[in-house]
Amino acid sequence: MPAGKTDGRSAAARHLGPVVLIGPMAVGKSAIGHQLAQHLGCAFVDTDALVVAQHGTIAEIFASRGEHAFRELEARAVALAIEEAQGSTTVISLGGGAVLDSGTQQLLGRCTVVYLECDAETVAERIARNSGRPLLAGDAMGRWRTLFATRQPVYERLADLVLDVRSGSVPELAHRLEDALGVHAVAKTAAVPIPAATKEVE
């Protein structure tokens with residue numbers, strides 16, 4: 001990436017903070033997040049991967065310790081990722097249910113939150129290819145729709161930006177999100193109040 005391009009983003013990036021991608025299972029948070037981080041020249045963190053690296057697969061955690069234990073591990077991983085990303089433009093991908101934790105919701109107030117919006121048809125093929133999701137055991141699409149109906153209002157409430165991922169390749173979606181973040185950063189910069197001591201007296 002050309003040095004000038006990176007430098008040009010740095011000022012706006014200070015107003016974004018960590019960029020956190022939220023949304024339902026199989027929507028493409030990890031793939032789009034990784035691509036976006038490459039575009040921005042910054043780090044990418046997948047909080048599910050953090051949990052797996054330390055505690056084993058999510059399916060194993062569910063089977064041996066239950067969902068409640070997984071949610072506690074997940075919340076800790078999210079808190080650590082956000083804490084370490086403060087002051088940077090790190091891109092962070094959250095698991096589909098991570099936003100249900102009240103502590104996580106508070107921490108997201110310090111980030112730029114992007115909701116990846118989709119429908120069941122968008123994710124059906126991906127879910128069919130990946131049967132290892134414990135919350136989707138049995139009727140995978142039926143379970144996905146039930147979970148999405150519960151979580152969608154939370155995604156919408158927490159989001160600073162919404163990216164419709166129903167059409168477009170991963171690189172295209174990452175470019176679209178990069179552009180939207182640029183506009184959002186400029187808007188946030190413009191909205192920052194000028195300290196009274198620097199205002200001109202009319």
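Strands here are DSSP E runs of at least two residues and helices are H or I runs of at least four, numbered from the N terminus; two strands pair if DSSP finds at least two bridges between them. Within this pairing, valine 45 has isoleucine 92 of β3 as its bridge partner.

I noted the basis of the entries: this is a predicted model, in which local features need pLDDT of at least 70 and side-chain atom pairs count only at pLDDT 80 or more, while totals for chains, interfaces and linings use all residues. Residues are numbered from 1 along each chain as its sequence is written, and side-chain values use heavy atoms, with hydrogens and water left out.

**Sheet**

I then traced the whole sheet, which is open, has five strands in the order β2-β3-β1-β4-β5 and shows parallel pairing. β2 (44-46) and β5 (161-164) stand at the edges with a single partner strand each, so one side of each lacks a neighbour in the sheet. Neighbouring strands are turned by 25° against each other on average, direction ignored. Axes are lines fitted to C-alpha atoms, for helices over the stretch in contact, and angles run from 0 to 180 degrees between N-to-C directions.

Contact means heavy atoms within 4.5 Å.

The axes of α7 (residues 120-129) and α8 come within 11 Å and cross at roughly 135°. The two helices are therefore oblique to each other, a class left for angles that are not under 35 degrees (roughly parallel), over 145 (roughly antiparallel) or 65 to 115 (roughly perpendicular).

I listed the residues that meet: Ala120, Glu121, Val123, Ala124 and Ile127 in α7, and Ala140, Met141, Trp144 and Arg145 in α8.

**Alanine 26**

I checked alanine 26, in the loop between β1 (19-22) and α2 (29-40). Alanine 26 has a positive phi of about 75° although it is not a glycine. Most residues other than glycine have a negative phi. At 9% relative accessibility, alanine 26 counts as buried, the term for under 20% relative accessible area, against over 50% for exposed and partly exposed in between (1.4 Å probe, protein chains only).

**Chain totals**

I recorded nine helices and five strands for the protein chain. Buried residues make up 43% of its 202 residues.
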